[in-house]
Amino acid sequence: MLLGEQMLVYMRYGQVANFKTNMNIPIDKISIALNSNLKKSIRIIKAEEVEERFHSRLSCKRKTYRYIINNSEYSSAIYRTLETHIPQRLDVEKMKIAAKFFEGEHDFKAFKSSGTSSKSSIRTIYKADVREIANNRIYIELTGNGFLYNMVRIISGTLVEVGMNKIQPEDIKDIIEKKDRSLAGKTLPPHGLYLVSVEYQ
């Protein structure tokens with residue numbers, strides 16, 4: 001490749017990175033070359049050339065995050081670091097109703113951690129879904145134009161409190177409008193959070 005050309009690298013579960021290189025390795029061999037030098041916990045799936053101005057974070061139009069909850073009585077020994085275990089049975093139907101209140105453009109000040117550096121807390125959530133799959137797993141999925149620091153984990157924690165009947169679904173609208181972090185749910189642990197996809201068009 002020519003000096004200054006950018007390379008776009010796709011990583012598992014939607015992670016994307018970009019870098020400039022003067023390597024002469026064919027594009028279809030880049031992932032093989034990188035994987036041979038990376039830890040086995042990181043795998044590069046695909047690489048392609050992009051324009052000079054491209055930025056893997058700033059050029060993004062939409063992102064989809066997923067939070068996985070193990071809602072069975074016992075935690076999993078194998079997946080304990082890949083999901084959050086909540087043994088108390090959650091009301092998934094109420095969580096589904098509550099999730100829809102997050103859709104649209106809102107000021108998500110109540111759903112950000114204090115370490116947020118963003119000047120504005122206004123974001124748009126295009127889609128908010130909660131679904132129960134096999135083996136008592138609950139998926140919370142959010143698609144938006146951007147997310148604040150810990151926003152997905154706080155929204156997920158709030159939906160969990162809806163599932164526990166500590167917060168009613170219709171209360172979500174009020175929490176958003178009051179912009180008070182203390183009214184929202186807890187920040188769930190990082191394990192269980194996945195960046196599923198990143199869209200640039």
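Ring pairs tie F102, F108 and F111 together into a cluster. Here, rings of Phe, Tyr and Trp (its six-membered ring) pair if their centres lie within 6.5 Å, and planes under 30 degrees apart count as stacked, over 60 as edge-to-face and the rest as tilted. By this rule the count comes to four aromatic pairs. One of them joins F102 and F111: it is edge-to-face, with 5.2 Å centre to centre and 80 degrees between the planes. F108 and F111 form another edge-to-face pair, at 6.2 Å centre to centre and 65 degrees between the planes. F102 and F111 are both buried, and F108 is buried too. (Buried means under 20% relative accessible area, exposed over 50%, and partly exposed in between, with a 1.4 Å probe and protein chains only.)

A quick word on what you're looking at: this is a predicted model, where local features need pLDDT of at least 70, side-chain atom pairs count only at pLDDT 80 or more, and totals for chains, interfaces and linings use all residues. Residues are numbered from 1 along each chain as its sequence is written, and side-chain values use heavy atoms, with hydrogens and water left out.

R62 lies over the face of Y126, 3.9 Å from the ring centre. To qualify, NZ of Lys or CZ of Arg must be within 6 Å of the ring centre and within 35 degrees of the ring normal.

Helices (H or I, at least four residues) and strands (E, at least two) are DSSP runs, numbered from the N terminus. Take helix α2, residues 92–99: V92, M95, A98 and A99 are its buried residues. They sit on the same side of α2, because they cover an arc of only 115 degrees around the axis. That arc is taken from the directions from the helix axis to the C-beta atoms. What do the buried residues of α2 pack against? Their partners are β7 (122–133), β8 (137–144), α3 (151–163) and α4 (171–178), where contact means heavy atoms within 4.5 Å. At the start of α2, a side-chain oxygen of D91 comes to within 3.3 Å of the backbone nitrogen of E93.

Now for α4, whose buried residues are I172, I175 and I176. These cover an arc of only 100 degrees around the axis, so they lie on the same side of α4. They pack against α2, β6 and α3. Turn to the face of α4 pointing away from the buried side, and you find the exposed residues E177 and K178. Just after α4, K179 takes a positive phi of about 55 degrees.

**Salt bridges**

How many salt bridges does the structure hold? There are 13, each being a side-chain nitrogen of Lys or Arg within 4 Å of a carboxyl oxygen of Asp or Glu. Here are some of them:

| Pair | Distance (N to O) |
|---|---|
| K46 and E48 | 3.7 Å |
| K179 and D107 | 3.6 Å |
| K178 and D174 | 3.3 Å |

The bridge between K179 and D107 links distant parts of the chain: K179 is in the loop between α4 and β9 (193–199), while D107 is in strand β6 (residues 104–107), 72 residues apart. K179 counts as partly exposed, because its relative accessible area is 39%.

K178 and D174 are separated by about one helical turn, because they are four residues apart in helix α4. Are these two residues buried or exposed? K178 is exposed, with a relative accessible area of 52%, whereas D174 is partly exposed, at 33%.

As for the other pair in the table, K46 is partly exposed at 44% relative accessibility, and E48 is partly exposed as well, at 25%. Salt bridges can also join up: K100, E103, K127 and D129 are linked in a network of them.

**R66 and its neighbours**

R66 is found in strand β4 (residues 62–70). Its relative accessible area is 15%, so R66 counts as buried. Which residues does R66 touch, not counting those up to four places away in sequence? They are R131, Y139, I140, E141, G192, L193, Y194 and V196. With E141, there is a polar contact of 2.5 Å between the side chains. (A polar contact is a pair of N or O atoms within 3.5 Å; within protein, one must be able to donate a hydrogen and the other to accept it, and residues adjacent in sequence count only if both atoms are side-chain atoms.)
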